[in-house]
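Colleague: Can you walk me through a helix pair and a couple of residues in this one?
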Amino acid sequence: MKNPQNFKTLCVHAGELKDEKFGGAISPLYMSSSYAFNNVEINQYPRYFNTPNQRGVSEKIAALEGADAGLIFGSGMAAISTTLLSHLNSGDHVIFQDDLYGGTRNFIQYEFPRYGIEFSFTSGIKTADFDREIKDNTKGIYIETPSNPSLKIIDIKSVSNLAKKAGIWTMIDNTFASPVNQNPISMGIDIVIHSATKYLGGHSDICAGAVLGTKSTIEKVFSSAKNLGGSLSEYTVWLLERSIKTLYIRVQAQNTNAKLIADFLENESWVERVYYPGLKSHPNHNIAKMQMKGFGGMLSFDIIPEIDSKKFLLGLDLIKPTMSLAGIESSALSPQLTSHALLTEKERISQGISSQMVRFSAGIESIEDLKSDLLQSLKNQI
Ligand SMILES: Cc1ncc(COP(=O)(O)O)c(C=O)c1O
C-alpha cells in the first residue's frame, strides 16, 4: 500500500525510513551530524532540520495534522518562539487569547517589547473579542484550544474565518487536543504548533516541539529556525517516532479516563467546579462537540476552600504530582505553583486560576485505582 490515509495507519507508518541494508522493521537511526557535501543549496545538517530522521518525523506529524509540511524542534517553546518570530517584524501587531500556557505568555511579554512587536490579549474567548483587537498593523491571531489550564474552547472555524476576512494569519497551539482529537488545518487554521513533549511524546521522557503548515509557511519558519538553532537531536527524534506509533491508542485511553474522572469529580461534594470540554456543564461543550473528535485527556477542577490543595496534591500516591502532562501515567499539579507561577496574581485571576485549582492529566491506568487514589488523599486532609 503506497499512501495510507487512515489516521491509525499513519501513526504507525507515515514518514518511516526504509532500512535498505538490513530490512529491519523500524526506521534506522542516523546519528551522523555530518553528511556528504551534495552541492545543493542546503546540505544535511541537524541544525538545518533536514537529517533523515528529522525529515521522517516531520513528515509523520504533518500527515497526522493534514499539513503539507512540518518542522520538529528541541521543545514546544522553541517551536512557538521561532514560528512567531519568523512571522513578525518590528512594528507588527499580533492578537493572543487571554488564557494561554504560562510559558507562551512569558515569552510574549518579555521578548516582544524588546523587538518592537506589539501585542494584545483578548478580554474573552468569543470571535467578537478577537475582532475588537484587530488594528491596521495586525498580522495574525494566536489561539490555544483547549487552553491550559482552564480548558476554554475557542470556536476555531469562526476565528479562522475572521482572520481570512482580515487578511491575517492564524496559529494554534494544538498540544492539549493532540492530532487524535482535533485537526485545525481542516478548519482553516494556517499553522499548527505542538509541544511534542506532551501527547506526541506521551511517556514523559522527551522534550520536543513541532510546527505544521503549508510548504511556503514552513519554509518561512525554517528561514528563522536555522538561525535560532532550536533543532532536535537525533536520538530524541527517533524516540519521538517510536512514541507516535502508539499515539492513537494512548490518547483514546486517556480520553476515556479523563471523561470518567470528570464525571466522578462533578458529583463529589469536595469539588467546587470541574473544567472539561466533554461535560455538558462546560460552557462551550457544543463548540467542542463540533470541532473535536474526542474531548482530550486533560481536565482541571477547583477544590473547596476547606481543603489545602497543595497537601491534597502531595498526598496522592499513584497520581504523580509532576510538572508536565500527557504521559501514560496520570499526573496532577497546581497551575498557580507551577505552569502559571510566573504570571502575576492579577493575570492568574483574570484567567480563572486560583490556589484551589488542580490540573489533572489522565493516564492509561485503571479508572478504579485513580479514583481510589484521589479519595485516599482527600481522606487524609479531612
Ligand atoms: C499548551 C502548551 N504549549 C506549549 C508548551 C511548551 O512546551 P515545552 O515545555 O515542550 O517547551 C506547554 C508546556 O507545558 C504547554 O502546556
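Colleague: Which way does α3 pass α4, in a left-handed or right-handed crossing?
Modeller: α3 passes α4 in a right-handed crossing (the near helix is turned clockwise from the far one by less than a right angle). This is a predicted model, where local features need pLDDT of at least 70, side-chain atom pairs count only at pLDDT 80 or more, and totals for chains, interfaces and linings use all residues. Residues are numbered from 1 along each chain as its sequence is written, and side-chain values use heavy atoms, with hydrogens and water left out.

Colleague: Which residues make the contact between α3 and α4?
Modeller: Met-77, Ile-80, Ser-81, Leu-84 and Leu-85 come from α3, and Gly-103, Thr-104, Phe-107 and Phe-112 from α4. Contact means heavy atoms within 4.5 Å.

Colleague: At what angle do helix α3 and helix α4 pack?
Modeller: About 40 degrees, with the axes 11 Å apart; α3 covers residues 76–86 and α4 residues 102–115. That makes α3 oblique to α4 (angles under 35 degrees count as roughly parallel, over 145 as roughly antiparallel, 65 to 115 as roughly perpendicular, the rest as oblique).

Colleague: New topic. Where is Gln-182?
Modeller: Gln-182 sits in the loop between α7 and β6 (191–195).

Colleague: Is Gln-182 buried or exposed?
Modeller: Buried, because its relative accessible area is 0% (buried means under 20%, exposed over 50%, partly exposed in between, with a 1.4 Å probe and protein chains only).

Colleague: What does the side chain of Gln-182 reach?
Modeller: The backbone oxygen of Thr-145, at 2.9 Å. Gln-182 is also in contact with Asn-174, among others.

Colleague: And where is Asn-174 found?
Modeller: In the loop between β5 (169–173) and α7 (178–181). Asn-174 counts as buried, at 0% relative accessibility.

Key:
Axes fitted to C-alpha atoms, helices over the stretch in contact; angles between N-to-C directions. Helix = DSSP H or I, 4+ residues; strand = E, 2+ residues; numbered from the N terminus. Polar contact = N/O pair within 3.5 Å; in protein donor to acceptor, adjacent residues only side chain to side chain. Lists of a residue's contacts leave out its neighbours within four places in sequence.
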